[in-house]
Amino acid sequence: MTPRARTLLKYLVSALLTIGLLYFAFRDTDFDKVYLAIKGANYWWMLAMFAVLMTSHFFRAWRWRYLLNPIKPGISLRNLFSGVMIGYFVNNLLPRAGELVRPYTIGKLESIPKSAALGTIVVERIMDTASVLVLVTIIPLVYDGPLLLAFPWLQRTGIIVSCITFGFLLFVLVLMMRRDWTDALLRRVEALLPSSLGARLDKITHSFLDGFLVVKRPGSFLAILVLSTLVWLLYVVMAYLAFFAFGLEGHLGFGSAVVVLAISSIGMAIPTPGSTGGYHWFAAQTLIRLFHIPNEVALGYATLTHAVGFIGVTVIGLYFFLRDNVTITEAINKPVEQAT
């Protein structure tokens, strides 16, 4: 199968996933009632939610600076924020492509290797996965209802994801800390490859591992922890503010927002454009099954919160995309060791 055919197949699968998830989220739904729920929402609260979302993205960009400091100190926060927003904008169009465009963007703006920047994106994704696992773990502290009865797969999924995430992190950290072991492994692999390809693999691997150098700077850990906490706390605040938009604040408290965020984040991990479908199903089903919110109100909540984030991020991301002259095809296809 050619690379182009594989790419088309990947996006076809993503499109089918989106359609399937939206079907399951909205089947047997009275769309007139969903429309009335969305129409009757208080949009001032949604505007506040969007302001909190942008603040969280700023803190995410600030955290990224600490991850990139071992590669290049003092990177511009403006350029970091641009990279974050462009990454989300591209993900809204092509699922997961933003993870490649984002390191390309910062590499172009700050003249650093794309592969090293990509390493920091992997670190960030591991931290985000760990954050979701923490949220899932603390659900019993804020919710005493039939969680596992409503979502029986939740506990097993958490265990599997934890093992995979931390196993991969341990493997990469060993390779990063013991470069002699990495070199020995690379020599065995390179013996099976043409010399030019082997040299590329060596350069890319070491540059990628440089993205994990932040672990050698314990002084950065506190700042990263604080910023990570702020990012996810703001996500909870967003979910909570949206309760007010739909008049649910009398029934749902801040702890309920933690539950909605934790479970809907699982849906957002599904590779669909802008988490469309996955977020809708998981967020709505959480409200319906755990908090007994009417089906149409829950879907109105999921639809409007997703739309506000999707449209707002797309507009701002598109501005930076055009302003910084980023090209998606070049970002995805350009060899990583040349993206500086």
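## The chain as a whole

The chain holds 15 helices and zero strands; these are DSSP runs, helices being H or I of at least four residues and strands E of at least two, numbered from the N terminus. This is a predicted model, where local features need pLDDT of at least 70 and side-chain atom pairs pLDDT 80 or more, while totals for chains, interfaces and linings use all residues. Residues are numbered from 1 along each chain as its sequence is written, and side-chain values use heavy atoms, leaving out hydrogens and water.

How far does the chain stretch? Along its principal axes, the C-alpha trace spans about 65 × 40 × 40 Å. Buried residues (under 20% relative accessible area, with a 1.4 Å probe and protein chains only) make up 49% of the 340 residues.

## Two helices side by side

Let's look at helix H4 (residues 77-93) and helix H5 (residues 98-110): their axes come within 8 Å and cross at roughly 155 degrees. Axes are lines fitted to C-alpha atoms over the stretch in contact, and angles run from 0 to 180 degrees between N-to-C directions. H4 is therefore roughly antiparallel to H5, a label for angles over 145 degrees.

Contact means heavy atoms within 4.5 Å. Among the residues that meet are Leu80, Val84 and Ile86 in H4, and Val101, Ile106 and Leu109 in H5.

## A proline in a loop

Pro218 sits in the loop between helix H10 (195-210) and helix H11 (221-245). Is Pro218 buried or exposed? Pro218 counts as exposed because its relative accessibility is 56%, and the exposed class starts over 50%. From Pro218 to Arg187 is 31 residues in sequence and 31 Å in space, C-alpha to C-alpha.

Conventions
Angles under 35 degrees count as roughly parallel, over 145 as roughly antiparallel, 65 to 115 as roughly perpendicular and the rest as oblique.
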